[in-house]
Amino acid sequence: MRSMQLIIYWATCCALSLTAISLVAADDLAASNNQNTVDESQFAIPPAVEKLFQAKCVRCHNSDARKGELSLASGSDLFKGGESGASIMPGQPDESLLVEKIRQGEMPPDKNEHLSAMEIGIIENWVRSVSASESSKPLDQHDVVPILLRRCTPCHGRYRQEAKLDLRTADAVLRGGKSGPAIVPGKSSDSLLIQKIRSREMPPHQRLVEASIKPIEPLETETLARWIDQGAVQSPPAGPTSLGSSDPLVDREFWSFNKPQPLTVPQLEHHADRAYNPIDHFVIPKLAEVGLELAPEADRVTLARRAAFDLTGLPPEPEALREYLGDPQPMAYERMIDRLLDSPHYGQRWARYWLDMAGYADSEGKREQDLPRQNAWRYRDYVIEAFNKDKPFDRFLREQIAGDELVDYESAPEITQEIYDNLVATGFLRMAPDPTWANITGYVPDRLEVMADAMDVLGSGVMGLTFKCARCHSHKFDPLPQRDYYRLVDIFKGALDEYNWIRPEIHPGIGPVSQDFIGGRSLPFVTTAERRAWENGQSAIDAQIAALKDKPDSQAQIKALESQRTPEPAIHALWDQGDPSPTYIYRRGDPLSPGQLVSPGVPLMLFSEALSFDVQPPWPGSKKTGRRLAFANWLTDPDHPLTARVAVNRLWKHHFGTGIVKTLGNFGKAGTPPTHPELLDWLAIEFVRSGWSTKAIHRLMMTSATYRQQSQVGPQQLKLDPDNQFYSRMPLVRLDAEALYDTMLMVAGKLDDSVSGPPVKLAVQADGLATPMGTQRGYRRLIYVQQQRKIVATHLENFDYPQMNPNCLERRDSLVAPQALYMLNNKMVYELAESFAQRIENEVGDEVSGQIDRAHLIALSRTPGDEERKLSSAALERLREQWSRDPSTDSAKARHLALTTYCHALLNSAAFLYVD
Amino acid sequence: MSNSEQTQSTRRHWMQGVASGITGAALAHLLAAESGGTRLAATEKGIEADKRWQDLQSRPPHFPARANSVIHLFQNGGPSQMDLFDPKPYLDAHHGQSMFDKIAGEVENPFSAGAIMRSPFKFAQHGQCGMWVSDAMPHLSKRVDDIAFVRSMYTTNLTHEPAVYIIQSGKMGPGRPTIGAWTVYGLGSECQDLPAYVVLDDPLGLPVNGVENWQAGFLPPLFQGTRFRSSGSPVLNLRPDFDRPEEVVQQERDLIASLDRLHKLQHPGQSVLDARIASYELAARMQLSATDALDLSQESADTLEAYGIGRAPTDSYGRRCLIARRLIERGVRFVQLYINVHIWDTHTNIAADLKTACDRTDQPIAALLSDLKQRGLLDTTLVVWGGEFGRLPIAQLPADKDERKAGRDHNKNAFCSWMAGGGIRGGTIYGATDELGLHAVEDRVSVPDWHATMLHLLGLDHEQLYVLENGLKEKLTGVNPARIIEGILA
């Protein structure tokens, strides 16, 4: 009830045209305050009530501060309500939000300010006396367009215009369709629109589900009729207003909302000899403040292993290790780092962090039939390549946010690698779990969830802001009013439009799907080379089949040829369709409660004159809005306060264990303040200065003395820096799921190093055990294994692979008994131990001490210590003896089985799982 | 004390002994099995609280608890309230009348919507409380005085997947911790040889949303449900998938232990390495305790008979109910029972299909309540029964429009769930629906209310049970206020 009536109260404040796009986005409110002159006498509040409001409420709810978008400074403001909807319901104090908040003592927030029973009574009596007409205003198009959008436009909208009728705008309604104008202004009962609705002919009940809409509510019909009866008024569009810097809701003072300031690297008074680069100049003094210094430098073997795992997710191969250990020249360490950065394994490692942040998955999720995303893997390959090629990070972001608006791919004579990459990159915004391919989970609220997930990933992962909070109410901690969330949503409306929704690709036989089905999310623009190769393959098959056609008994051969056909290559992408629906603030996040119209814009708290958000068509004649391109350019401006900081902080976290800002996705007031703010800013500036080179930052971080510390922890460090927030040592790190799996493959000599392509499938047992399938050469790295949301490799599940719902900014690092059960009892792990043993036998033969040395070198990058050697020899001898007790086992087999057991134990050892 | 009870109590004692056998530091860290603790809720107590909330050690609730463990009998599919617990004479009187236009927006499948349909089941009043139960549940109707029925539940989505996410985790969509995960996060476990949160799923198949029903979401994986299979190996990889002589297994285990001790000596101050060693010891103990908990041959013939074990159609669910009791006895905090997908999803043939669903579960559930009561466990165990939504008062017709095969479509605006046991006032009938059973109208209970009440009975304040996720306070009940259902509390 409340939600419907507030549309009525809202009338005068929405004075923008549907198409107005302003350069900067604060115009909406300015417009609502200036455009319509309001006759205040119409909304008189009795003096006693006004006095109470003045005393208790208007300090926060005045026309400037407008906490919760509500002002109680005047009657007209009061009747407008706030971001939660109408503040009062005429005649019904029990239904009025304002009364409820006061009664419950929620307002005013200060307990000492609470209203007395008598004061509450005064307000209740007044609310009871207000009549509906007093609070209602003439309606305009903004009261009816949202109703038409949600009830009618699937069949009378952009993609389908049954009876040639378009109901998306007031003008189109007046224009009408095949049967003439849909309305007669001033006469609702003569208006076809109202007649069809009242007779229940429209929207047709039996077809609601196929279009994923709900029936129109009687109050909505009433609103439509009233708007028509009042003359079908359309408020004029407001001209763009310049952005004031005085929006009272927006506090720009917070450190992360202002750009990093250049600073000089501090001189070191003590321990200057320890510093390798500026990073140490920031770390050493902080350590000194708490009475600590850098831990001693780790030995070369430790550094080699740490660096290899950090950059490639794999241990150093014995040969690579020998090269580094045997390099007597200065800069040997730096050269080793460079070799690792040049390895294709680097991208396979670092793409994983990005894919976690983006929420990569090979399926849609949310529904029982976990619909596959056939072409998602191209995005995975794109990210791996981007890291390997050190694609400048600003370009990397621009492609992922607005790749479709960078180059006109539709009229390009040839699809180059660059155009292909641009389009594949937009898969970033398509990673959210998505059930909307099915009609019963494809309603507007379901679509809004998908959009909210995409905004959440972008907000927390890239911008370090918890935007999701502002979807239903203004942010509780950060100066992010609710309207800023909807401004952001409006930037993406050209592609993510809840009223012109492009559904996920549907495959035959998957279940009931909607008739309101637009296109699918695939684009055919793979590179011209790939397309030709595919076409040639198809023609070759066609030719062979044609040749066989007339021959007798060729059916089987033809069938075999047909099965060699591959589906047409396509890209899982997002693109601007042009002509987006208008965006209204949804009060409390409820699409049935539309508030103000907004236009696309960036969060005001990040606005500065220097950062432009300039919406232009991406190229002349383009139908695309260009909004996302404007946003991407704004986001990657060198002066952006957050982008570089958030990115270097994530790099830092993955090298040093914790971020300088621990909350990787929250740089706002509820996030953790940076432990080393100057260092963070210096790194951010350095990142931009290097041309947004991720590899440059790796080099910088990894060549610091801070990074080269050993991981040994002493009592002083435990006492003075228990959480290692001052970086008084390097952390002892447990291998994550991928590093552990890939490393087992590598030591076993079973790593199939092929790159890219569709994911490896899982073999799933009846009891749920899911194991990646092998290839002819062994097994591929885990990043190339299928990641459906509902079936994940058991290995991943055991070692903290996150649920991508929607994404994961920081993985867990758990230590639980099922991991031990898996490592001890799983068949694949045992078979890898056997291959590992085989490899050792091939390389060094079957002499015990040689086997032990080699096993250590391969698995742990070092030779065993005396104690280890003693323990290991005794165990291996004993195992040989135990295995040979079985009469059916000859001595060679017993030696092999014993070594297998020994290797299995090494894979299960802490030294294998933890990196210093 | 009966013989079997004595054995039980000795066993429990023994297990506690084993648990304390690990050196204090190692155990403490094993249980504090997560590094990077800053992500978890830091309360006023700061870092202390941080560490406490990352382990499975038993910890005091916010206030005295009425129940300290939960058996959640999840009924996936949407049990029909007006055919089980909420009789509607209006439907008898208006059987056959159309009301589609009034409720078109509430019907998932409008093309199959029929007219108002009376219940094919007969209702009678039972127990001291006079609760109405239909003849589909003859066994449960004898236990109504232990149960508080809530007839005024409602939810916000009428499709299985989203509605199941909501009832399990409070939010429409995957990725949030479930009520079981929150419970063990808040309270830890009384038993360190078994998982704190055990899921007993049906060998016939998983419910809707599969393993997402017991996910830990953004809580550490330590708090997610662990599936115990009621036949075969109870836990994945509990036993090796390959054969080796026992002495080799022992030799390898010793070798790992020695290598790890050596490694630990070279890394003083890294308590995570003690925990690593302990996790391998725990894995070994779990092999024993999990097998033991599932060994129903230790139960008397009378007990097996009472649960309907050994005969169709009750055997499968009966086993899971009995295993649930055995797990609760061993100190498992949260046990969740499932039946294969959708047995309550009676779109067609409601007369036969609803009966089948009841026949499979009615006797085992009634037996579980009696058994818990008899053993004095019902006072401290909260038993929760319910699905994700209810059903409509109108018929849903098959393609041939044969009314004899009619069922009912989903209804998000009214359903019936119940709780029994610790802290619950047995024999309560709470809330009411309208004359059709279409909407909950009196004392409406939202899903967050239901969750808040469960936590309340466990001594947890739903406002105080939160984690800091990316700097934000995340709670089971979300940002809107939730209310404790005082009317069903003892």
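## The nonpolar cores

The largest nonpolar core here runs to 141 residues, and those with the most contacts inside it are W354(A), Y379(A), F428(A), F492(A), F631(A) and L683(A). Helix α20 of chain A (residues 444-463) gives this core its largest share, 11 residues. A nonpolar core is a set of buried Ala, Val, Leu, Ile, Met, Phe, Trp, Tyr and Cys residues joined through side-chain atoms within 4.5 Å. Buried means under 20% relative accessible area, exposed over 50%, and partly exposed in between (1.4 Å probe, protein chains only). Helices (H or I, at least four residues) and strands (E, at least two) are DSSP runs, numbered from the N terminus.

Take F631(A): leaving out residues up to four places away in sequence, F631(A) touches I401(A), L458(A), M463(A), L488(A), I491(A), F492(A), V602(A) and F613(A), where contact means heavy atoms within 4.5 Å. There's also a second, separate core of 137 residues, which includes I840(A), L73(B), L200(B) and L354(B).

## About the model

This is a predicted model: local features need pLDDT of at least 70, side-chain atom pairs count only at pLDDT 80 or more, and totals for chains, interfaces and linings use all residues. Residues are numbered from 1 along each chain as its sequence is written, chains are lettered from A and ligands numbered from 1 in the order in which they are written, and side-chain values use heavy atoms, with hydrogens and water left out.

## Where chain B meets chain A

Chain B puts 80 residues into the contact and chain A puts in 78. Together they bury about 7000 Å², with 58% of it on carbon and sulfur atoms; buried area is the accessible area (1.4 Å probe) that two parts lose on being put together, summed over both. N237(B), Q251(B) and N470(B) supply 9% of the area that chain B buries against chain A, more than any other three residues.

The two chains share 4 salt bridges, each a side-chain nitrogen of Lys or Arg within 4 Å of a carboxyl oxygen of Asp or Glu. R367(A) and E161(B) meet in a salt bridge through their side chains, at 3.3 Å from N to O. On the chain B side that touches chain A, the elements giving two or more residues are α5 (100-103), α6 (160-169), α8 (246-265), α9 (271-293) and β18 (472-475). Of these, α8(B) brings the largest share, 11 residues.

## A look at R300(A)

R300(A) sits in helix α13 (residues 300-312) of chain A. Its relative accessibility is 31%, so R300(A) counts as partly exposed. Neighbours within four places in sequence aside, R300(A) is in contact with Y324(A), L325(A), D327(A) and A332(A).
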